[in-house]
Amino acid sequence: MQFAPIQKRSDQLRRAPNLEDYAASRSCFDWQAAAALEGLPGGSLNIAHEAVDRHARGARASQRAIRFLGADLAPADYTYADLKAATDRVAAALVRLGVGPGERVATLAGRVPAQYLTAIGAMKAGAVFLPLFSAFGPEPIRARLELGGARVLVTTDLLYRRKVAALREALPLLEHVLVLRTAPGSELPPGTLDFDEALAAGDGGFETRRTRPGDMALLHFTSGTTGLPKGVMHAHRAVIGHAATARLALDLQDGDLYWCTADPGWVTGVSYGIIAPLACGVTMIVDREEFDPERWYAILAGEQVSVWYTAPTAIRMLMKAGLEPARRHTYPALRHLASVGEPLNPEAVVWGVEAFGLPFHDNWWQTETGAIMVANYPSMELRPGSMGRPVPGVEAAVLKRGAEGVEPAATGEVGELALKSGWPSMFMGYLGDEARTRKCFAGDWYLSGDLARMDEDGYFWFVGRADDVIKAAGHLISPFEVESALLRHAAVAQAGVIGIPDPVAGSAVKAFVELKPGFEAGEALRRDILAHARRLLGAAVAPREIAFAAQLPRTRSGKIMRRLLRARELGLPEGDLSTLEAGA
Amino acid sequence: MNREELKAVLVELLTGVAPDVDPAALLPGVDFRDQFDFDSMDTLNFAIAMHQSLGVNVPETDYAKLASLDKCVAYLELRQG
């Protein structure tokens, strides 16, 4: 089925958009002007100052900055002034604990206030914020804390006992763990400090450190096809990209009530779930609970959300629940819907019109790009299924790699989506891995690893990944990390991990395992291997499905051919098999 | 099927989706998510397993009612009248 383009008429928009005319905006674009930041004396720049301090000292001091929703939707509100006072206390506490500039402060906490306060407080102190997804199992947590060299971790007592306590000996650099007590007066786990007590001593304010624009502020881990997770470093200057793109692609404006459903354990939940909305001075919602259609509709209607940024997996789950629950409410305040994480299928784009009277606007970016790079805008014709057009100020192209470097693909031809270096939120590199950083670049071009094509009008369309990385429910998962965990099971000789299409999550992780002699395939063993993987990796990363294989296809050098596994699983052409080992 | 039999079937389905769950340590009154990692994709797969094995089609809007073992039992007893 073909989906007709959705035309936009300015008289139908509920508010005049920041970006009124795409072509005009591109022709005279300036990042600094679009970001509208304040800066610190002497050319210094600190994300915490732009997101919190300047508003707390100005007209927004008593405006709500964040509304946290608890289990029963009970709100806990922080004004910009409250947020400044609370993050001052976190920064002061970190300095008292000996955290110096550039040192890493990690969180493993879910969407509770302490995680947000720690993010801002750490950057305020000149430290680097390193968020971890709370559904990670102990193995991804250990790898990221170790590679990141985290000095402080903020977590809850429950998560600490379940996932971190047993890792402490393996993490000599992790000096302090601050825990949030789930129940008041509950026993503090040995080797930890109480988060609230650690903060209590400091009420004298804090002078935000005058970091340079190029100083590291954020460390996000992402997954590659091989090897260890990659620590993607971002500098304070990324806030220029966060603020500017939030104004252009999410159309954030004064008075907006904004809800980003992403968890800060992933880059969207930090760039657009903490920094961008605060830097733009709007009021944001944080819901600590998991996805639940009725709850989400109640929040959209009851909190009068005006701009909503969510993900394809959630939209597809809402679609499964049908239109009836959506239509029990009205959404007069809602004016812009956006989606990111994986390509949004055209059915879902159009479903937004049926449910809310507004289409979903897909956009594209990655951990490395730090901010939205290609987007659909409220004022621009929307082509369902397309990721849109490059943000003004961003030069994007579809390139083909050849012997002589890269060359542009023809219109409509598939190639690698690439970005011309120089946008403000471009990553500083991968932590401790310059070789891997260099491999992402061809001259001035950053090569994203995503395959795309561009149509005759400059709209970009996602085609697939250029590598074996799996995108499940919007989360990038490394097949290597999953295979490594499976190989630690006593029965597993070889493992090959691929993504298979899933109607809700986009892709689901499937593992094929080859057993060691003496072990027999069967339901009991399947469950045991799955349990092992979930304990080590956590539900978000572990396979959803495990299949036994007599022999996995390998190259002559012994490498598992994931592409061939995937082709066989999905009945696709098997391609060039010249390097295949005989008999596989 | 009496309540104990129903519980046993539910635990079997639950551990099929999340075999890392130890049935002996499962607290029936506490939400799955607070006891072990159980995400929305797990809930979806758990609901599909309930449909296949018990013939009860759980709509997405009712997934929140499957948050713990006790809640599942109460929900199914209500559905089966």
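The model shown is predicted.

**View 1. Helix H1 of chain B has a buried face and an exposed one.** Helix H1(B) covers residues 3-17. Its 15 residues reach 21 Å from the first C-alpha to the last, close to the 21 Å expected at 1.5 Å a residue. The buried residues of H1(B) are Leu10(B), Leu13(B), Leu14(B) and Val17(B). Seen down the axis of H1(B), these residues fall within an arc of 100 degrees, so they line one face of the helix. Helix H3 (40-54) and helix H4 (69-80) of chain B are among the elements that cover them. The face turned away from the buried side carries Glu4(B), Glu5(B) and Glu12(B), which are exposed.

**View 2. Chain B meets chain A.** Here 17 residues of chain B are in contact with 23 residues of chain A. Helix H3(B) gives the largest share of the chain B side, with 5 residues. By class, that side has 8 nonpolar, 3 polar and 6 charged residues.

View 3. The domain assignment of chain A gives domain 1 (85-236) and domain 2 (470-570). Their centres, taken over C-alpha atoms, are separated by 31 Å.

**View 4. Strands E8 and E9 of chain A run antiparallel.** Strand E8(A) spans residues 216-222 and is mostly covered. Of its 7 residues, 6 are buried. Strand E9(A) spans residues 230-235 and is joined to E8(A) by 6 bridges. One pair to find is Phe221(A) and its bridge partner in E9(A), Gly231(A).

**View 5. An open sheet of 9 strands lies in chain A.** Follow the strands in the order E2-E1-E11-E10-E12-E13-E14-E15-E16. The pairing is mixed. Strand E2 (75-79) and strand E16 (389-390) of chain A stand at the edges. Each has a single partner strand, so one side of each is left without a neighbour in the sheet. Within the sheet, E10(A) (residues 257-260) and E12(A) (residues 307-310) run parallel, joined by 3 bridges. Two tryptophans mark this pairing: the bridge partner of Trp259(A) is Trp308(A) in E12(A).

**View 6. Two loops of chain A hold residues with a positive phi.** Most residues other than glycine have a negative phi. Asp251(A) is not a glycine, yet has a positive phi of about 60 degrees. Asp251(A) is placed in the loop between helix H9 (238-248) and E10 of chain A. With 24 other C-beta atoms within 10 Å, Asp251(A) is buried. Gln304(A) is not a glycine either, and has a positive phi of about 55 degrees. The loop of Gln304(A) runs between helix H11 (293-302) and E12 of chain A. Gln304(A) is partly exposed, with 13 other C-beta atoms within 10 Å.

**View 7. Strands E22 and E23 of chain A form a hairpin.** Strand E22(A) covers residues 445-454, and strand E23(A) covers residues 460-465. They run antiparallel and are joined by 5 bridges. Leu451(A) stands opposite Gly464(A) in E23(A). Between the two strands lie 5 residues. In this turn, Gly458(A) has a positive phi of about 85 degrees.

**View 8. Met454(A) is buried in its surroundings.** Met454(A) is found in strand E22 of chain A. Why does Met454(A) count as buried? Met454(A) has 25 C-beta neighbours inside 10 Å, and the cut-off for a buried residue is 20 or more. Leaving out residues up to four places away in sequence, Met454(A) touches Val398(A), Thr411(A), Tyr459(A) and Phe460(A). Ala409(A) is 45 residues from Met454(A) along the chain, and their C-alpha atoms are separated by 8.9 Å.

Key
Residues numbered from 1 in each chain as written. Chains lettered and ligands numbered in written order. Predicted model: local features only at pLDDT ≥ 70, side-chain atom pairs only at ≥ 80, totals over all residues. Buried ≥ 20, exposed ≤ 12 C-beta atoms within 10 Å, placed from the backbone. Helix = DSSP H or I, 4+ residues; strand = E, 2+ residues; numbered from the N terminus. Pairing = 2+ DSSP bridges. Expected span 1.5 Å × (residues − 1). Arc of directions from axis to C-beta. Contact = placed C-beta atoms within 7 Å. Nonpolar A, V, L, I, M, F, W, Y, C, P; charged D, E, K, R; others polar. Domains from an automatic or database assignment.
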